[in-house]
Amino acid sequence: MANRDVFSKILPNVKLATRYDAEGREIQVERREDTDAAAKELDTFDMLVAAGYYRARIKGLSAFDKVVGGMTWCIECCDYDVDVDLLFHENLTIGQKIALVEKIVTVLIDMNCPHTLEPHQVQGLEFLAIHPVIQWLVKTSVANREERGQRLKRFAIGQFHNDYQYKSDKDNLTKIRLAAVNIKTIQELYTPKRQYERKEAHSEDDALRVRLTLLEYGETGPMTKQSVETKTASSVETLEPDLEQQLRQLSIAHGDVTVRPKRIDLDPKAKSALQQHYAEFKLEMETDAQELKSHNQQKRLEAAKIALEHKIKRYSKENEQLAMSVETQKQQTTEQEQKLQKLKAELEAFKRTEADADPALLDKVRGLLQQHDELKKGEAEFKESCRTDLANLQQQIDELESFNAQDAEAQAAAIASEQQRLQELRLHLAKRNRGIVAIERKLDAIPDRTELAQYQRRFHELYNEMSAKHLETKQYYTLYNTLNDKKRYLEKELSLLNSICEAYNEGMLSPHGREDFIRQFETIVDGVKSAQDKVRHKYNEERMRRDELNEELLGLLELQRQYAAAIKQLTRECQRCEQLQQHLKSIQKQPQQINP
């Protein structure tokens, strides 16, 4: 606890830079960071990139710009407007950042975001509070984009069907239009036709009215009596005379009505003929459907055939081009082989001539040929330089002749212009010299390798002094904390002894007090033992941690030794490689000297 109180002023999220000692080895320093916040930060940026906001991949962009840009992009995908300009505002102050985020927070409130977010949390990059908001915004934007895509797809399909139709749809509509006439005829043939008509008012009994209505259209209906528990036997007896009376009225009405159509009773032959006609009509409809299906399948096969024919033509052209290129390559190969054979024959002839000739004479001829080539080359260069000098001299002669041909005033004006031009060139040269001197001063101000090595040595010494001072300070802090803990334990021990002495004098006065004193003393002993166990457990943990760190140190030292051995071996191999390259260059120069 005391150690935590002493170092409580150190910021927990500070990441110290990598440090090196005087020999250039990396030193492991204490690092304190919030792993949960770092994980949430990485998860937030990965979520934005997965959603489609690829600006979060830019490494040179700050985390604040990535978060604000991603939130604005998600809000705009949800069809909400945000008055934020993210392209021309960088390196803002804290107040400007908070004012910028307040607009986004206002829109989040209008969107009914289930998570609360404050502007200072975004400005301070508190990803534990930002992550759920970004997650909700990404889910909402993805759902909104899917809904928008479906809506646009339905609108596009509707617009297509308003202006265009497939040929198969037109054929189906034509067949449906032709079949509608026959269907209407069949429906009219089997529609119910009224054969009777009632002259008197309707009865109040529902069953009787239903039965009379069926009789009007030629249906006998169910021959049952109404048996309701609420009705009495007298109402059932009076039902039959009323029904007979209604039937007589309907029969009379049927006799009077001669104009109304009567239901047709078909004989078995007509019924079988009608059934056969219906079966043929049904078979014809099924045949039309099969023909339509086969017609569509034939169209698909024709389209596939046309596509395959186009592919065959394209592949045939490519095959012809490849055949022509193969023939061209064969011809070129034949020509090159002939040239190679000719060169081989000439080389063999030269080798035979060289073998038959005198070696001393051959070396002399080679030296003369090399000297001849060098003289030819020098002659060509000398001629080229002579031509250049001749052209320059001829130009100067022409300029002098034209100058002498002028009058005195023109010559004076020309001389004055040349003097002015010379003065301007001198001024320009002086300006260039001043610039060169300034650059040389700047270069002199830049330290060289020796000075940099001295600076590095001084920095290493200063770092070692600071490290030693820091280690000494930590030891002082540790000593202080240890003595403070010791003092606290001694104070506790002294207070326990004082309380025991006071309780002993009071507890020995009575048997009951003695029992209480013994019980309290046992409780104190148990507490001391538990505290001792905790301290011993903490001591064992620290000891195990020390052993683990020692093992890790040994492993790192072994790794450093292997690294030094690998560097040494790599240096030897590099030196050997340089020697082999120099030897190879010397071997390659010898044939060039022999065959100039």
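R458 is exposed, at 55% relative accessible area (buried is under 20%, exposed over 50%, partly exposed in between, with a 1.4 Å probe and protein chains only). The model is predicted: local features need pLDDT of at least 70, side-chain atom pairs count only at pLDDT 80 or more, and totals for chains, interfaces and linings use all residues. Residues are numbered from 1 along each chain as its sequence is written, and side-chain values use heavy atoms, with hydrogens and water left out.

R458 forms a salt bridge with E461, at 2.5 Å from N to O (a side-chain nitrogen of Lys or Arg within 4 Å of a carboxyl oxygen of Asp or Glu). Both residues lie in helix α14, residues 449-507 (helices are DSSP runs of H or I, at least four residues; strands are runs of E, at least two; numbering is from the N terminus). R458 and E461 are three residues apart, about one turn of the helix. E461 is partly exposed, at 33%. The salt-bridge count comes to ten.

Helix α12 spans residues 359-405. Here D363 pairs with R366 in a salt bridge of 3.9 Å, N to O. The two are three residues apart, so about one helical turn separates them. D363 is partly exposed, with 48% relative accessibility. Helix α12 also holds E384 and R387, again three residues apart. Their closest N and O atoms are 3.5 Å apart in a salt bridge. E384 is partly exposed at 47%, whereas R387 is exposed at 51%.

N112 sits in the loop between α4 (94-110) and α5 (119-123). Its phi is near 60°, a positive value in a residue other than glycine. N112 is exposed, at 64% relative accessibility.
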